[in-house]
Amino acid sequence: MRRSSAQCGINFTPTPIIAVMAYLVTLIPGDGIGPEVAEATVRAVDATGVRIEWERVDAGLRALADFGQLIPDDVFASLEATRVGLKGPTTTPIGGGHQSINVALRKKLGLYVNFRPVRIMPGLKTRFQDLPIDLALFRENTEDLYAGLEHEIVPGVVESLKIITRTASTKIARATFEYARREGRAKVTAIHKANIMKLSDGLFLTCCRETASQFPEITYNELIVDNACMQLVMRPETFDLLVLPNLYGDIISDLAAGLVGGLGIVPGANLGDHHAIFEAVHGTAPDIAGKGLANPTALMQSAVLMLAHLGEREASVRLQDAIEQVYTRHESLTGDVGGKSTTDQFTDAVIRR
Ligand code: NAI
């Protein structure tokens with residue numbers, strides 16, 4: 001029996017479906033290191049024994065070259081049918097060229113939550129290895145300056161529109177607090193710059209405060225974004241869940257990745273009411289693309305989230321455990337985390353575990 005993987009929202013513990021023979025998942029390998037880490041992740045997921053029928057579709061530069069479209073129609077058609085995607089990074093040119101594929105996918109599919117758990121990997125040597133870092137970002141995923149709504153008013157003057165709405169802000173706040181309640185997390189910190197952007201970030205804070213009042217058992221506090229950056233570097237272990245507008249969420253994700261070993265590690269999930277796309281925080285890493293050096297951990301850990309989302313809890317835990325065992329033994333790690341192994345060698349080690 002084939003089935004669409006239609007369990008959505010941010011519930012990582014959906015009701016298991018009995019007698020599922022194969023899940024249908026859209027696979028978007030992406031650009032740069034995307035195809036390498038996607039292939040590695042598919043091998044690791046397949047090794048868990050969960051049967052997934054991967055529907056491969058191209059978006060990004062390869063799709064543009066082959067079909068003349070950055071997001072061909074079959075990408076949306078596939079995601080409409082499967083409801084679940086695993087995606088590699090896609091190129092967004094700097095200072096011109098096409099708009100972000102991610103922004104388009106997130107807006108079109110209503111993927112309003114960008115969930116990014118940031119945890120220290122057992123055994124991995126980092127500057128902060130002795131600190132119990134275990135935080136998660138809930139980044140609003142559809143609006144803010146990150147929507148890229150810009151225009152030139154007159155030559156030499158451009159305007160970027162920062163749109164913040166009550167609807168989107170309340171949805172991300174609710175998603176954060178509901179996750180905190182379900183997973184027994186203690187604290188939510190809202191990140192803002194409402195001292196300067198009193199209306200836009202002010203509205204975001206109002207929505208967070210209103211939502212916080214409905215979850216009295218969870219500690220709620222607020223930090224101005226610049227101070228939050230400093231506190232994250234000085235005392236990362238004191239953070240629990242962070243809720244942020246889109247642009248601060250983008251920047252702080254990379255900062256947080258730096259606390260736990262870099263972009264090769266940190267996974268992510270874009271979640272909406274009807275669809276979910278799992279992808280790493282990192283980009284296409286053009287400096288190492290095609291060399292077999294990419295660390296697939298971040299996309300593999302995104303697949304761990306995907307397996308849980310599909311209701312395959314046991315396989316999800318087993319894959320996470322296998323990845324952690326490889327790190328604990330400092331066996332077959334890639335160069336970005338201090339090893340000498342290739343993408344394939346690391347993947348083989350995970351599969352062996
Ligand atoms: P990047 O994340 O691609 O690379 C930053 C640094 O981290 C590089 O030194 C790279 O080698 C390293 N790195 C990243 N992932 C790694 C991995 N898995 N293993 C080992 N090292 C890794 O960021 P950059 O260079 O700013 O962006 C490159 C392109 O990626 C841009 O076009 C950008 O728009 C796009 N991008 C796409 C994203 C997505 O599709 N989700 C997310 C972020 C950036």
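A residue counts as buried when its relative accessible area is under 20%. The legends below use that cut-off for a predicted model.

**View 1. Asn 114 in strand β5.**
Asn 114 sits in strand β5, which covers residues 113–119. Its relative accessible area is 1%, so Asn 114 is buried. Which side chains make polar contacts with the side chain of Asn 114? One is the side chain of Asn 141, at 3.3 Å. Another is the side chain of Asn 270, at 3.4 Å. Once neighbours within four places in sequence are set aside, Asn 114 is in contact with Arg 106, Leu 137, Phe 138, Arg 139, Asn 141, Ala 269 and Asn 270.

**View 2. Helix α6 and its cover.**
Helix α6 runs over residues 200–212. At 1.5 Å a residue its 13 residues should span 18 Å, and the end C-alpha atoms are 19 Å apart, which agrees. The buried residues of α6 are Ser 200, Asp 201, Gly 202, Phe 204, Leu 205, Cys 207, Cys 208, Thr 211 and Ala 212. In an α-helix there are 3.6 residues a turn, so residues three or four places apart point the same way. What covers the buried residues of α6? The cover includes the helices α5 (166–183) and α8 (246–259), together with the strands β9 (187–192), β10 (219–224) and β11 (241–244).

**View 3. Surroundings of the ligand.**
The ligand is surrounded by 21 residues, and the closest are Thr 90, Asn 102, Gly 283, Ala 285 and Asp 287. A backbone N or O atom of Gly 283 lies 2.7 Å from a ligand oxygen atom. For Lys 87, a polar side-chain atom is 3.4 Å from an oxygen atom of the ligand. The side chain of His 282 has an N or O atom 3.5 Å from a nitrogen atom of the ligand. On its own the ligand has 810 Å² of accessible area, and the protein covers 70% of this.

**View 4. The whole protein, for orientation.**
The protein has 11 helices and 13 strands. Its radius of gyration is 20 Å, close to the 20 Å that the globule rule gives for 353 residues, so the protein is as compact as a globular protein of that length. Along the principal axes, the C-alpha atoms fill a box of roughly 55 × 50 × 45 Å. Of the 353 residues, 55% are buried. Among contacts with a separation of 6 or more, 72% join residues 24 or more positions apart.

Definitions and conventions: Residues numbered from 1 in each chain as written. Predicted model: local features only at pLDDT ≥ 70, side-chain atom pairs only at ≥ 80, totals over all residues. Heavy atoms only, no water. Helix = DSSP H or I, 4+ residues; strand = E, 2+ residues; numbered from the N terminus. Expected span 1.5 Å × (residues − 1). Buried < 20%, exposed > 50% of the residue type's maximum accessible area, 1.4 Å probe, protein only. Contact = heavy atoms within 4.5 Å. Polar contact = N/O pair within 3.5 Å; in protein donor to acceptor, adjacent residues only side chain to side chain. Near = heavy atom within 4 Å. Areas by Shrake-Rupley, 256 points an atom, 1.4 Å probe, with all protein chains shown as cover. Rg over C-alpha atoms; globule rule 2.2 N^0.38 Å.
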